[in-house]
Amino acid sequence: MKALFYTIAISISSLLINSENYGYIILFSLSLIFAFLFLEKSKTSFAIGFATVSAAWTIYLWYLSLTSTSNVVKMIGQIFQGLNEFNLIILSAFLGGITAGLGAYLGSKIKNFIYA
Amino acid sequence: MKIAPLVFTTILSIAWLYLLNISISKGDQKLPPLGKFFSPRTGFWQNQRLDDMKAIEEIKDQKFKGEIILDDECIPHIFANDLANAYYLQGYIHAKFRLWQMDFSTRAAEGRISEIIGPKAIDFDKTRRRKGFAESAKTSVEVWKKFPESFNLIEAYVAGVNAYIQKLDYSNYPIEYKLMNFAPEKWTAYKSALFHKNMADVLCGREYDIELTAAKEFFGSNFEKLFPEQDKLLDPVIPKGTKWNLNQDSLVSSKNNNQNNETGFRRIEAEPKETGLGSNNWAVNSFKTENKNPILCNDPHLSFTLPSIWFEQQIITPDRNVYGVTFPGIPGIVIGFNEYIAWGVTNGGWDVMDWYSIQWKDNKKEKYLYDGEWINIETRIEKIKVKDAEEISDTVKLTKWGPIVYDGTHPKKDLAMHWIISEASTSCELDVFVDLNKAKNVNEYRKAIKKFSYPSQNFAFASRENDIALTVQGNMPIKRNQQGRFIQDGSDSKNAWAGFLPNEKTPYIINPARGFVSSANQNSTDATFPNYYNSGDFRDYRGTVLNQYLSKENAWTKEKMKQLQLNNFSLKAKTAIEAILHNIDTVEINNSKHASILNQFKTWDCNYDSTSRIPGLFDRWYDYFYKLTWDEILNDSTKENVKLPGDPITIQMLNEDSKMKYFDMTSTPQIENGKDIILLALDSLQEYLIKQPFKNWGEYKKASISHMARIPAFGIPFISSSGGADILNAHARTWGPSWRMIVELTQSGPEAIGIYPGGQSGNPGSKYYMNMVERWRTGEYRKLQYIKNPEQLNKAISTIKFN
């Protein structure tokens with residue numbers, strides 16, 4: 001149940017963060033705090049953090065692409081070694097997922113360290 | 001023991017977050033920090049949504065009011081109660097669609113590109129700063145402030161740009177900002193002035209003083225023959241035989257200037273200037289049109305970029321209803337029409353940038369000789385910020401003539417540059433378009449353009465009242481014969497310009513008997529004009545062809561004008577092929593191993609159609625022929641600053657004096673003549689065709705349109721198109737007709753068609769980014785929607801209301 005709270009909290013917050021320079025730090029910090037509050041086992045917390053944010057971002061970016069007529073993503077793909085739109089979505093989701101995963105892992109580690 | 005994994009995870013996390021926030025190098029390019037660039041809410045993903053336009057958008061609490069309606073081509077039609085409101089809206093819409101372009105081009109003028117892209121732009125920035133764009137822009141703004149009414153209009157435009165900038169955060173920055181990792185700056189009148197200076201550099205920064213001085217030394221007594229100032233083809237802008245209302249006594253002595261002809265100087269440009277740029281404009285009166293309405297046409301030839309240099313729009317206020325193209329960065333319509341008149345511009349090409357040799361007292365280079373005295377140099381320290389590197393300083397030495405631009409190109413001396421933008425203007429230059437946009441007749445047109453000081457432009461004009469006119473407008477320096485053609489002695493103050501011609505004395509013509517006016521960057525006048533001006537390197541082919549067509553036809557229509565703008569006939573090719581046939585007779589051709597190619601040349605109509613192969617064959621052949629002819633210069637690295645004779649004179653040599661010594665190749669023991677060079681060039685062509693075969697001219701020409709910052713993904717790498725340099729349809733590889741416009745001034749209002757190779761939006765992902773390119777390429781035009789009220793629009797995609 002607590003893991004569900006974490007999942008909901010981090011997925012929503014990850015889609016609301018709108019900071020130019022500190023977006024990933026905020027995402028990491030929120031994931032750490034939510035994990036501290038809601039997650040127990042550090043071994044699974046990374047996976048939960050990673051999977052949740054990756055999935056949330058993938059769905060959101062997929063939606064953005066489907067509802068847009070812009071070619072800008074294709075053009076960006078050419079700049080990044082010819083990556084296609086799908087790969088760019090995966091790459092973005094991966095970056096967010098790793099950040100959230102690391103935050104969750106550290107959050108639960110700290111929790112275990114304090115309460116052990 | 002539990003602390004170890006905690007510490008390890010903490011370090012790993014910090015490293016990861018650091019990695020997301022640093023720029024990564026890819027070759028010589030820097031990618032933006034991956035974290036913020038890939039962020040779904042702020043990174044490039046959000047640029048997919050920048051094109052989303054609401055049917056009605058309301059912007060409240062604005063100081064300025066009005067309404068912008070975007071039609072189905074994304075062209076804004078601005079409705080406002082007065083001009084200040086209209087310019088505010090214009091500034092807003094320029095920024096909305098072209099902010100990055102405006103910002104980047106003014107930073108380039110200012111010499112601040114190193115801040116964005118790093119050390120590779122340092123030389124570019126140094127040259128820009130030494131040439132003094134920033135100082136000139138600051139001076140202009142101070143002059144503008146002396147005209148409060150005009151300055152208020154500029155301030156309104158500036159406020160409009162800033163109103164848009166203030167709405168932005170990183171998530172909706174144009175994509176180039178995100179890729180290059182910098183942020184927009186507040187717009188100012190100074191930036192608008194910088195844009196004006198930048199255009200002045202594009203249009204009047206072309207001169208060959210250094211190269212012509214070296215050529216004069218190299219060619220000796222043959223120089224005048226090889227570099228005629230008025231060649232045989234010339235049909236000047238102002239018709240031959242025009243009488244000049246200019247008292248020669250009021251000018252300086254027209255005797256030859258005392259040139260010191262010092263050679264050994266070199267030009268060091270970070271980016272070499274493109275040659276061959278030009279433009280066409282013309283107007284015919286009602287006596288020469290089928291519908292008995294005057295028609296005006298204009299196609300300025302500029303470097304192609306995406307976003308396009310032009311932005312199309314209409315401005316409607318109680319005192320004006322004007323349509324045309326604008327430069328994002330300055331207010332007003334630059335080329336266009338209103339209910340009463342139409343106007344278009346081409347470059348006049350006067351030489352208004354001169355170089356003076358500076359004689360130093362000693363190696364310290366702190367004192368220089370001027371009128372027999374050693375004068376202390378002044379200095380200006382330029383601090384150039386460099387991305388990911390330390391700031392550098394550049395000390396600019398300033399003389400009475402102007403700045404020293406290139407260091408150490410001569411063992412003992414340096415060159416100081418004097419050019420027109422360093423002369424303080426006496427009027428608010430941007431007023432020209434304020435007044436011209438609402439002009440109703442030829443007198444108001446003449447009065448409006450008087451304030452246009454530089455770069456010199458051929459302003460073609462037509463009115464509903466059936467007046468046509470052409471004014472070569474700009475501040476024309478008063479010079480002695482040949483003054484400023486070569487490097488001048490900077491120790492003698494007599495070599496300075498003797499002021500400027502009074503405005504009404506510059507060349508113009510109103511309602512000529514021939515029924516048309518035209519310009520295609522040829523010389524403004526014939527040799528009888530009393531003041532000396534040097535017309536750069538423009539050539540006369542287009543002007544001559546244009547005037548021939550305009551003279552012959554007496555029932556012009558918009559459709560016929562379209563065909564004239566798209567005309568692909570090459571007079572250069574025609575004269576060159578005539579010269580080939582003059583040297584090689586039919587029997588020789590048929591017995592030659594090059595019979596096939598020569599026969600194709602012989603039967604060719606000299607049209608540069610994209611689907612024909614012959615223009616490619618000719619172009620390649622001519623390139624070899626030219627290089628083999630001038631091998632004594634091109635194959636000698638010490639002569640890299642010697643100006644080469646032009647195409648007309650090279651072809652004329654082949655026709656009239658094929659035994660001229662320049663045809664002899666320096667690398668062979670035997671003596672070659674023109675005919676030998678023709679055949680050797682054909683040999684080279686045959687080898688080329690084996691190595692790099694091509695199907696047609698379009699494929700051979702390899703035209704393209706680059707993004708302004710040379711980001712390949714945002715440009716068009718290849719366009720197959722007709723036309724070429726020195727042709728009316730002057731589409732060369734990277735430049736050409738940047739805006740085609742034809743306006744018929746009927747009694748019920750203007751009927752206009754136009755097109756440009758780009759699109760209204762500067763957002764590369766937008767459907768309006770390059771949507772006109774294909775239509776432009778195939779010679780299509782759009783009907784320009786000149787409306788009086790919003791209901792007349794065929795379709796609106798968005799309305800922006802400023803309340």
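**Figure 1. The contact between chain A and chain B draws 36 residues from chain A and 33 residues from chain B.** Two residues are taken to be in contact if their C-beta atoms, placed from the backbone, lie within 7 Å. On the side of chain B that touches chain A, the elements giving two or more residues are α1 (3-20) and α2 (34-38) of chain B. The largest share of that side, nine residues, belongs to α1(B). Sorted by class, the side of chain B that touches chain A holds 16 nonpolar, 11 polar and six charged residues. In this classification Ala, Val, Leu, Ile, Met, Phe, Trp, Tyr, Cys and Pro are nonpolar, Asp, Glu, Lys and Arg are charged, and the others, Gly among them, are polar. The model is predicted: local features need pLDDT of at least 70, side-chain atom pairs count only at pLDDT 80 or more, and totals for chains, interfaces and linings use all residues. Residues are numbered from 1 along each chain as its sequence is written, while chains are lettered from A and ligands numbered from 1 in the order in which they are written.

**Figure 2. Chain A contains five helices and zero strands.** Along the sequence the pattern of chain A reads α-α-α-α-α. Helices (H or I, at least four residues) and strands (E, at least two) are DSSP runs, numbered from the N terminus. The C-alpha trace of chain A spans about 50 × 25 × 25 Å along its principal axes. Among the 116 residues of chain A, 47% count as buried. A residue is buried if 20 or more other C-beta atoms lie within 10 Å of its own, exposed if 12 or fewer, and partly exposed in between, with C-beta atoms placed from the backbone. Of the contacts in chain A with a separation of 6 or more, 80% are between residues 24 or more positions apart.

**Figure 3. An open sheet of 11 strands in chain B shows mixed pairing in the order β3-β30-β4-β5-β9-β10-β11-β12-β19-β20-β22.** Its edge strands are β3 (56-59) and β22 (508-510) of chain B, each of which pairs on one side only. Strands pair if DSSP finds at least two bridges between them. On average, neighbouring strands of this sheet are turned by 15° against each other, direction ignored. Helix α3 (residues 83-110) of chain B packs on the sheet, where it touches β4 (66-71), β5 (76-79), β9 and β30 (796-802) of chain B, and its direction makes about 160° with that of β9(B). Axes are lines fitted to C-alpha atoms, for helices over the stretch in contact, and angles run from 0 to 180 degrees between N-to-C directions. Strand β9(B) is joined to β10 (residues 320-326) of chain B by seven bridges, and the two run antiparallel. Within this pair, Ile316(B) stands opposite Asn321(B) of β10(B). Helix α13(B) lies across β12 (341-347), β19, β20 (468-473) and β22 of chain B, and runs at about 10° to β20(B).

**Figure 4. A further open sheet in chain B has three strands, in the order β18-β13-β21, with mixed pairing.** Because β18 (413-419) and β21 (488-489) of chain B each have a single partner strand, one side of each is left without a neighbour in the sheet. Strands β13(B) and β21(B) pair in the parallel sense over two bridges. Ser357(B) stands opposite Asp489(B) in β21(B).

**Figure 5. Helix α7 (residues 148-166) of chain B has 19 residues.** From its first C-alpha to its last, α7(B) reaches 25 Å, close to the 27 Å expected at 1.5 Å a residue. The expected span is 1.5 Å times one less than the number of residues. Buried residues of α7(B) include Leu153(B), Ile154(B), Tyr157(B), Val158(B) and Val161(B). The elements covering the buried residues of α7(B) include α3, α6 (133-145), α9 (189-204) and α12 (431-436) of chain B.

Figure 6. Leu306(B) and Pro307(B) are joined by a cis peptide bond with omega of about -5°; Pro307(B) is in the loop between β8 (305-306) and β9 (311-317) of chain B. A cis peptide bond with omega of about -10° joins Tyr454(B) and Pro455(B), and Pro455(B) lies in the loop between α13 (442-449) and β19 (457-463) of chain B. Lys365(B), a residue other than glycine, has a positive phi near 55° and is placed in the loop between β13 (353-359) and β14 (367-370) of chain B. Asp388(B), also not a glycine, has a positive phi of about 60° and is in the loop between β16 (378-384) and β17 (392-398) of chain B. Asp388(B) counts as exposed because it has 10 C-beta neighbours inside 10 Å, whereas Lys365(B), with 16 other C-beta atoms within 10 Å, is partly exposed.
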